[in-house]
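Subject: Handover of a structure

Dear colleague,

I am passing the structure below on to you, and my notes on what was found in it follow directly after. Please read them with the structure open beside you.

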Amino acid sequence: MEFVPIARLEEIPAGEARLFERHGVRALLTRVGDTVFALQARCPHRGCDWNGATLDGEILACPRCRFRYSARTGLNPLTTACHVNQSTAEYHYRNFPEGRAELYDVRVDAETVAVATAPRPFRKVVV
Ligand code: FES
C-alpha cells in the first residue's frame, strides 16, 4: 500500500480535526490520545466539507447537520447496533452510505504523518 506524507504531527493538536491536502491526497486528520486517524475529507451524508467539524473524544460531529462519526472506525455510532455479522453490516452500509466514512491507514514516522492512498477495506468493527 502506498502512503503519502500530508502533515506534520505538530499540525494536528489533540482533540481537534483538521483537513489536509498535499501531493493530491486530501484527508481529515484527528488525534485521539497519541493516535492519529484519517477519514475521507467530505461528509458521507451530504458531501459537505469537514472544515469546522468538532471532536469530542473520538466522536466527530459534522458542522452541517451534526451527523456523528467515530474518528477511530469511521462508523456513525447510531448505525452499528443492528449488525450481527459482516454480511449484514455490508448490506447496511451499501444501502445507507451516510452511516460510514472511509477510514485510511496512517503512518507516523518521526514527525511526519503519511496517509494511505486507498481506504482501508471495510470490516465490521465492535464500537
Ligand atoms: S452533510 Fe454532514 S451531517 Fe449532513
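Arginine 18 is partly exposed, with a relative accessible area of 34%, a class that lies between buried (under 20% relative accessible area) and exposed (over 50%), computed with a 1.4 Å probe on protein chains only. This arginine 18 forms a salt bridge with glutamate 16, the closest N and O atoms being 3.1 Å apart, where a salt bridge means a side-chain nitrogen of Lys or Arg within 4 Å of a carboxyl oxygen of Asp or Glu. Glutamate 16 is likewise partly exposed, at 36%.

Please keep in mind that this is a predicted model, in which local features need pLDDT of at least 70 and side-chain atom pairs count only at pLDDT 80 or more, while totals for chains, interfaces and linings use all residues. Residues are numbered from 1 along each chain as its sequence is written, and side-chain values use heavy atoms, with hydrogens and water left out.

The structure holds nine salt bridges in total. One of them joins arginine 8 to glutamate 10, with 4.0 Å between the closest N and O atoms; arginine 8 is partly exposed at 37% relative accessibility, whereas glutamate 10 is exposed at 59%. In another, the side chains of arginine 120 and aspartate 105 meet at 2.5 Å, N to O. That pair links distant parts of the chain, 15 residues apart, since arginine 120 lies in the segment after strand E10 (112-116) and aspartate 105 in the loop between strands E8 (103-104) and E9 (106-109). Salt bridges that share partners also join Glu21, Arg26, Arg42 and Asp49 into one network.

Turning to the strands (DSSP runs of E, at least two residues, numbered from the N terminus, as are helices, which are runs of H or I of at least four), there is an open sheet of three with the order E5-E6-E7 and antiparallel pairing, two strands being paired if DSSP finds at least two bridges between them. Strands E5 (54-56) and E7 (68-70) stand at the edges with a single partner strand each, so one side of each is left without a neighbour in the sheet. Three bridges join E5 to E6 (residues 59-61), and leucine 55 stands opposite leucine 60 in E6.

Finally, threonine 73 lies in the loop between E7 and helix H1 (86-95), and this residue is buried, with a relative accessible area of 8%.

Best regards
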